[in-house]
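Take a look at the model below.

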Amino acid sequence: MRIALVQFYNYHEEVLAPQADFLLPDNDVFIAAPRRVFENDYIKIFGSRIKKIVFSDKSYDIHKKRYVIHRFFSILIKYIQLFRCVRSRRIDLIVFNTITKAFHFTCINVFFRKIEKVHIIHNAQNYTAEKTIKPLAVFKKNLFISYDVYNYYTNTICTNKNKPLFGWFLPTLINFVPHDAVRTFPEIIIVIPGSVDNSRRNYKGFLEALHALPPPPPNQTQIQPCYLCFWESVLSNCGGGL
């Protein structure tokens, strides 16, 4: 199966990399992203095993009056480039990361109406009203990157008729370090990968949540990432296989 993982901006390699790691080598994996994404170590590890679709990563001064116009055309150009690549390379499934604005949903609906699509949701708060949930119907699935967020959202926010639109998967980087390079430390070391604006960082809340967790039962088996349950369903329904 030919699958394109799409990231329009210079971040979230920590979510792209586990997807590519799981889908290879049984599928042809394309990553469509700005050049700086391919310079990240998480992505460089795949080398020639992935196929690249390189977007322009030009930035614009938000204080200039023409910023909105420049941003509009830069996004539109990326969609046109992606459309041409999807058509010429016969992509079967597109996975969109970080789609938030109405303009993106319009472009996706116009350019890729007949192609199977999956959407990765990073910010659930963007989809708390019925009018914001409705555009998500263009996707086969909308996946949260946390089971807890998915469970809370589907039980408290979306209606029963909308629940089939949503799912979840857990992106982890546990396979990106050779086993012989892993060292044992007396302390717990927590690493939060990825590029996140400082205004969105909440380390205090993160540590408070860890402190509130109950101790694990003795000899508890580690929970494995829920890739298989999701990807088996998507690939089988699209005519592909693992």
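Which exposed residues does the face of H5 turned away from its buried side carry? They are Ala-102 and Val-110. Keep in mind that this is a predicted model.

## The two sides of helix H5

Helix H5 spans residues 102-111. Its buried residues are His-104, Phe-105, Cys-107 and Ile-108. These four lie on the same side of H5, because they cover an arc of only 160° around the axis. The general rule is simple. An α-helix has 3.6 residues a turn, so residues three or four places apart point the same way.

## Aromatic pairs

A pair of aromatic rings is described by the distance of the centres and the angle of the planes. The whole structure holds 19 aromatic pairs. In one of them, the rings of Phe-72 and Phe-73 have centres 5.2 Å apart. Their planes stand at 90°, so this pair is edge-to-face. Phe-72 is partly exposed, with a relative accessible area of 36%. Phe-73 is also partly exposed, at 46%.

Now take Phe-96 and Phe-112. Their ring centres are 6.0 Å apart and their planes meet at 50°, so the pair is tilted. Phe-96 belongs to strand E4, while Phe-112 sits in the loop between H5 and strand E5. The pair therefore ties together parts that are 16 residues apart in sequence. Both Phe-96 and Phe-112 are buried.

## A cluster and a charge

Phe-96 and Phe-112 also belong to one aromatic cluster. Its members include Phe-105, Phe-8, Tyr-79 and Tyr-127.

Elsewhere, a charge meets a ring. The charged end of Lys-51 sits over the ring of Phe-30, 5.5 Å from the ring's centre.

Key
Residues are numbered from 1 along each chain as its sequence is written. This is a predicted model: local features need pLDDT of at least 70, side-chain atom pairs count only at pLDDT 80 or more; totals for chains, interfaces and linings use all residues. Side-chain values use heavy atoms; hydrogens and water are left out. Buried means under 20% relative accessible area, exposed over 50%, partly exposed in between (1.4 Å probe, protein chains only). The arc is that of the directions from the helix axis to the C-beta atoms. Rings of Phe, Tyr and Trp (its six-membered ring) pair if their centres lie within 6.5 Å; planes under 30 degrees apart count as stacked, over 60 as edge-to-face and the rest as tilted. A charge sits over a ring if NZ of Lys or CZ of Arg is within 6 Å of the ring centre and within 35 degrees of the ring normal.
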